[in-house]
Amino acid sequence: MTGKSGKTRGGRAHGTGGTDGTGTGYDVVVVGGGAAGLSAALVLGRARLRTLVVDAGEPRNAPSSHMQGYLSRDGMSPAAFLAAGREEIAGYGVELLTGRVTDVTRNGAGTGDAGFAVLLDDGRAVRARRLIVATGLKDELPAVPGVAERFGRDVLHCPFCHGWEVRDQPFGVLASSAMSVHQALMVSRWSKDVTFFLHTVAEEELSDQDLRRLAAAGVGVVPGEVAELVVEDDRLTGVRLTDGSVHARSVLYVGPRPVPRTGLLERLGAELSETPFGAYPVVDPTGLTSVPGVWAAGNAVGFAEQVVHAASGGYRAAAAIVGDLLMADLDAAVAA
Ligand SMILES: Cc1cc2nc3c(=O)[nH]c(=O)nc-3n(C[C@H](O)[C@H](O)[C@H](O)COP(=O)(O)OP(=O)(O)OC[C@H]3O[C@@H](n4cnc5c(N)ncnc54)[C@H](O)[C@@H]3O)c2cc1C
């Protein structure tokens, strides 16, 4: 079957001089097959590099039934988006393995050209000349009963992802991160009925500017700890405080704590930079980390990366690797 661009479906990528033909050596191993990893794989496959994507199958937006804000893909389901991406990369001979990378080590010291040994959770090991870490992040949700169960449905974190769909409904915002006042102000663009639940924050902790802005945005401020969410007929209907009072709300915004999956990068000795939203690798504009030969993309480099940014980051990293491998091979040929 011939693909839309004249390629042969299922055709093998060509690879570079660095692969060994034993089936375990790749030009590039991409760890993580979300938007960032698949986008990188598409570019690598099209550049005829022998590429393996290893994906554990836990994309961050899995709790949501729709994906918004990606031009031409607005409203598509995250699962359909990834399925389309997987089909596209298969058309260029990229291999996809469902599983988890448990460890990565550099082969020898010196430059990244020595390559990497990538250990899989089935006990196998593969080798790669270059690595892309696109492992995303995990959202640690506030420990309020009902929040985890309804996350991505009527408990939301981002009005750009889910704002339009719930516009004009009665919103609650749970004070649960350093950005909660900002979140309460932002969501007032999508509804004029917003209640800010202070939860474990004392009103005195809000600055005068916060209070003035909340008042100007028409956001009501409710002190008192939230005990649980009230759910009827599989719909959020309210927020119950520990004093027993119930505030009718059909949407609750929360501020999860992003936990970047940087374990493999740390194992490789990549430099990380602390932010209020977790420690992320220090990268150049292409996503190259401080470890030669290792790139990172998507939520693995920043909590605010949306799907379109993640896809773009994967593309940038892949394009840089294509050039990097070519130059390494040419330099080796010149030296020989
Ligand atoms: C509820 C919710 C709704 C959202 N809605 C939107 C939206 O509407 N629009 C939008 O633009 N953004 C949305 N986002 C943000 C979106 O989820 C991220 O921008 C996007 O998932 C980032 O892509 P990524 O490839 O970096 O990471 P991910 O999509 O999280 O993919 C990372 C992949 O790497 C895998 N992985 C991790 N570690 C390993 C390992 N060691 N070995 C192998 N595989 C591994 C994971 O299992 C996962 O499959 C939403 C987020 C949430 C939480």
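Okay, let's start with where things sit. Domain 1 (25-138 + 257-335) and domain 2 (142-253) each contribute residues to the lining of the second largest pocket, so that pocket lies between them. Keep in mind that what we're looking at is a predicted model.

Let's stay with that pocket for a minute. Its volume comes out at about 690 Å³. The lining is made up of 27 residues, and if you go looking for the ones closest to the pocket's centre, you'll find His157, Met179, Gln183, Phe277 and Phe303.

Which elements supply at least two residues of this lining? There are strand S7 (137-140), helix H4 (180-187) and strand S16 (257-260). H4 gives the largest share, with four residues. As for what kind of residues we have here, the lining of the second largest pocket splits into 16 nonpolar, seven polar and four charged.

Why does the ligand lie between domain 1 and domain 2? Well, domain 1 (25-138 + 257-335) and domain 2 (142-253) both put residues into the shell around the ligand, so the ligand ends up between them.

There are 36 residues around the ligand, and the ones that come nearest are Asp55, Glu58, Gln68, Asn299 and Glu305. Sorted by class, that shell has 13 nonpolar residues, 16 polar ones and seven charged ones.

Now zoom in on some backbone contacts. At arginine 60, a polar backbone atom is 2.9 Å from an oxygen atom of the ligand. At glycine 57, a polar backbone atom is 3.3 Å from a ligand oxygen. And for asparagine 61, the distance from a polar backbone atom to an oxygen of the ligand is 3.3 Å.

So how much of the ligand does the protein bury? On its own, the ligand would expose 1,000 Å², and the protein buries 98% of that. Looking at the elements around the ligand, helix H1 (35-46), strand S2 (51-55) and helix H7 (307-335) are the ones that give two or more residues to the shell.

To wrap up, here's the picture to take away: the second largest pocket lies between domain 1 and domain 2, and the ligand lies between those two domains as well.

Notes:
Residues are numbered from 1 along each chain as its sequence is written. This is a predicted model: local features need pLDDT of at least 70, side-chain atom pairs count only at pLDDT 80 or more; totals for chains, interfaces and linings use all residues. Side-chain values use heavy atoms; hydrogens and water are left out. A residue is near a molecule or strand if one of its heavy atoms lies within 4 Å of it. A polar contact is a pair of N or O atoms within 3.5 Å; within protein, one must be able to donate a hydrogen and the other to accept it, and residues adjacent in sequence count only if both atoms are side-chain atoms. Accessible areas come from the Shrake-Rupley method with a 1.4 Å probe; for residues, only the protein chains shown count as cover. Ala, Val, Leu, Ile, Met, Phe, Trp, Tyr, Cys and Pro count as nonpolar, Asp, Glu, Lys and Arg as charged, and the others, Gly among them, as polar. Domain bounds come from an automatic or database domain assignment. On a 1 Å grid over the protein atoms alone, a cavity is a set of points where a 1.4 Å probe fits but cannot get out, and a pocket is an open set with protein on both sides within 12 Å along at least five of seven lines; lining residues have an atom within 4 Å of a point. Grid points are joined across faces, edges and corners, and a volume is the space filled by probe spheres set on the points.
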